[in-house]
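Here is a short briefing to read beside the coordinates. Keep the viewer open and follow along, topic by topic.

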Amino acid sequence: MNIQLTSETESESEWKACAPGDLEQFVTVMKKRRKVSHMITGAEILTACLAVGLVGFFGLNSFSGSAEPPTEQVAKKVGKKCPGGLYCDEALNHAEAFVAHKLDAETTSKMKEHLAHCPGCQKKVDQLRINMHNNATAHIGPLQEESEWDAFVLTLNQ
């Protein structure tokens, strides 16, 4: 114990008073370091927020940037035909004629096969059917064709 006491007294005797202005200079340096530290922390937080925001923005755009389901995208890139032997854009081109029953038997069967396996196109064809049933002018065409057919059948029977 005596050994420790002697070392403590020696260190106390070695203590020297600071020169005038040394403490003030030390405090100023420490304040500057704290400001720099806060600025670096703020920059790190800002960088992290920007990175997360950019990843989220571009990530969501890559998912929502496509109007067609991924299976059709892959099929077009590989060069394969979609179900029924039709691409989605081909099926949608035939959609109005399909709903109006104006397609030949082969194209009709291709459309039915495609619609059975493609929910995106099926949804659009269903919307066309609803619009045709709600639109009174759409019924005039089939009614006129039907009346022309009835007139033709009557002329044959006479």
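This is a predicted model: local features need pLDDT of at least 70, side-chain atom pairs count only at pLDDT 80 or more; totals for chains, interfaces and linings use all residues.

Thr108 sits in helix 6, which spans residues 105-117.

**Thr108**
- The side chain of Thr108 comes to 2.8 Å from the backbone oxygen of Asp104.
- Once neighbours within four places in sequence are set aside, Thr108 has contacts with Phe98 and Leu103.

**Helix 6 and helix 7**
- Two packed helices are described by the angle between their axes and by the distance between those axes.
- For helix 6 and helix 7 (residues 119-134), the axes come within 6 Å and cross at roughly 115 degrees.
- Angles of 65 to 115 degrees count as roughly perpendicular, so helix 6 and helix 7 are roughly perpendicular to each other.
- The crossing of helix 6 past helix 7 is left-handed.
- Which residues bring the two helices together? On the helix 6 side they are His114, Leu115 and His117, and these meet Pro119, Cys121, Gln122 and Val125 of helix 7.

**His114**
- His114 also belongs to helix 6.
- Leaving out residues up to four places away in sequence, His114 touches Cys82, Pro83, Gly84, Leu86, Tyr87, Cys88, Ala91 and Cys121.

**His101**
- Look for His101 in the loop between helix 5 (95-99) and helix 6.
- Most residues other than glycine have a negative phi.
- His101, although not a glycine, has a positive phi of about 60 degrees.

**The whole chain**
- How many helices and strands does the protein have? There are 8 helices and 0 strands, giving the pattern α-α-α-α-α-α-α-α along the sequence.
- Of the 158 residues in the protein, 11% are buried.
- Among contacts with a separation of 6 or more, 48% are between residues 24 or more positions apart.
- The protein has an accessible surface of about 13000 Å², and carbon and sulfur atoms account for 62% of that surface.

Technical notes
Residues are numbered from 1 along each chain as its sequence is written. Side-chain values use heavy atoms; hydrogens and water are left out. Helices (H or I, at least four residues) and strands (E, at least two) are DSSP runs, numbered from the N terminus. Buried means under 20% relative accessible area, exposed over 50%, partly exposed in between (1.4 Å probe, protein chains only). Contact means heavy atoms within 4.5 Å. Accessible areas come from the Shrake-Rupley method with a 1.4 Å probe; for residues, only the protein chains shown count as cover. A polar contact is a pair of N or O atoms within 3.5 Å; within protein, one must be able to donate a hydrogen and the other to accept it, and residues adjacent in sequence count only if both atoms are side-chain atoms. Axes are lines fitted to C-alpha atoms, for helices over the stretch in contact, and angles run from 0 to 180 degrees between N-to-C directions. Angles under 35 degrees count as roughly parallel, over 145 as roughly antiparallel, 65 to 115 as roughly perpendicular and the rest as oblique. A crossing is left-handed if the near helix is turned anticlockwise from the far one by less than a right angle, and right-handed if clockwise.
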